[in-house]
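These are my notebook entries on one structure. I looked up links, core, contacts and surface in turn.

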Amino acid sequence: MAAAHLPLLLSSLLLLPLALAAYEPVPQEKKTEVVVEGMVYCQSCDHYGSWSLSKAEPIASAKVSVICKNQRGQVRFYKAFETDSKGYFFAELQGYEMSHSLLDHPLQSCVVKLVGSPLESCNAMSNVNYGLYGSPLRYESKRLYRKDSDVVIYAAGPLAFRPANCPAPTHY
C-alpha cells in the first residue's frame, strides 16, 4: 500500500520547487515619515521689534512644540522638542497620520511654536517668523531614504527668544 503512494509523493516533491518559485511575496509599501527642522536663537537687543536675526546667538536646550490640527481645527498631534547644543531641532513626528491627504497635509495643518528658553538672560518669546502664533512649515525638497521608510523634511522658523529687558528701539 505504501508503494502505491510513493509515485504520488515523489511527483508532489518534484512540483514543490515550481510552486514556491511562482509565489512572489507582496512588496510592503514604504512608510512616509514626517520631520520638522529648524533653529532657535536669542535675538540681539539691537534688533528688538524686528525680525532681524543679525548678531543672534543659537540657544541650546530651547523648547519648541509642533502642533497639527485637522480641517475642523482639532489638535491631531502635539509634541514638544528640544534643540541641540547648536540651537537646531530635528522633530520626528512619530505617530502623525493624515486622514485626508490634502487637508491634513503637514504644510497646511502643522505649525511650530516657541515653548521655553533655558537662558534667564534670553527667555522672552518673540514673534520672529510667527514663533508666538505658529510658524508655518516650508517644503525645501529635503528627503531621507531609509530601508523601510522615506522621510520628508519640512522647515520652520528660524525662531527667536529675546532678552526681557531690551531698551525700546529709537527711530531717527
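**Entry 1: disulfides.** I looked up cysteine 42 and cysteine 122 and found that they form a disulfide with sulfur atoms 2.1 Å apart; a disulfide here is a pair of cysteine sulfur atoms within 2.5 Å. The pair links distant parts of the chain, 80 residues apart: cysteine 42 is in strand β1 and cysteine 122 in the loop between β6 and β7 (124-125). Strands (E, at least two residues) are DSSP runs, numbered from the N terminus. I noted 110° about the S-S bond, which goes with a right-handed link of cysteine 42 and cysteine 122. Cysteine 42 is buried at a relative accessible area of 15%, and cysteine 122 is buried at 0%. Buried means under 20% relative accessible area (1.4 Å probe, protein chains only).

The model is predicted: local features need pLDDT of at least 70, side-chain atom pairs count only at pLDDT 80 or more, and totals for chains, interfaces and linings use all residues. Residues are numbered from 1 along each chain as its sequence is written, and side-chain values use heavy atoms, with hydrogens and water left out.

The structure holds two disulfides. I found the other between cysteine 68 and cysteine 110, S to S 2.0 Å. Cysteine 68 is in strand β3 and cysteine 110 in strand β6, 42 residues apart. This link of cysteine 68 and cysteine 110 is also right-handed, with 105° about the S-S bond. I have cysteine 68 down as buried at 1% and cysteine 110 as buried at 2%.

**Entry 2: the core.** Which residues touch the most other members of the largest nonpolar core? They are Val36, Val40, Val64, Val66, Leu93 and Val112, out of 25 residues. Such a core is a set of buried Ala, Val, Leu, Ile, Met, Phe, Trp, Tyr and Cys residues joined through side-chain atoms within 4.5 Å. Strand β1 gives the largest share of this core, four residues.

I then listed what valine 66 touches beyond four places in sequence; Phe77, Tyr78, Ala91 and Leu93 are among them. Contact means heavy atoms within 4.5 Å.

**Entry 3: alanine 160.** I found alanine 160 in strand β11. Alanine 160 is buried, with a relative accessible area of 0%. Its contacts, leaving aside neighbours within four places in sequence, include Tyr41, Leu53, Leu114 and Met125. Between the C-alpha atoms of alanine 160 and serine 52 I noted 9.7 Å, although these residues are 108 apart along the chain.

Conventions:
Buried < 20%, exposed > 50% of the residue type's maximum accessible area, 1.4 Å probe, protein only.
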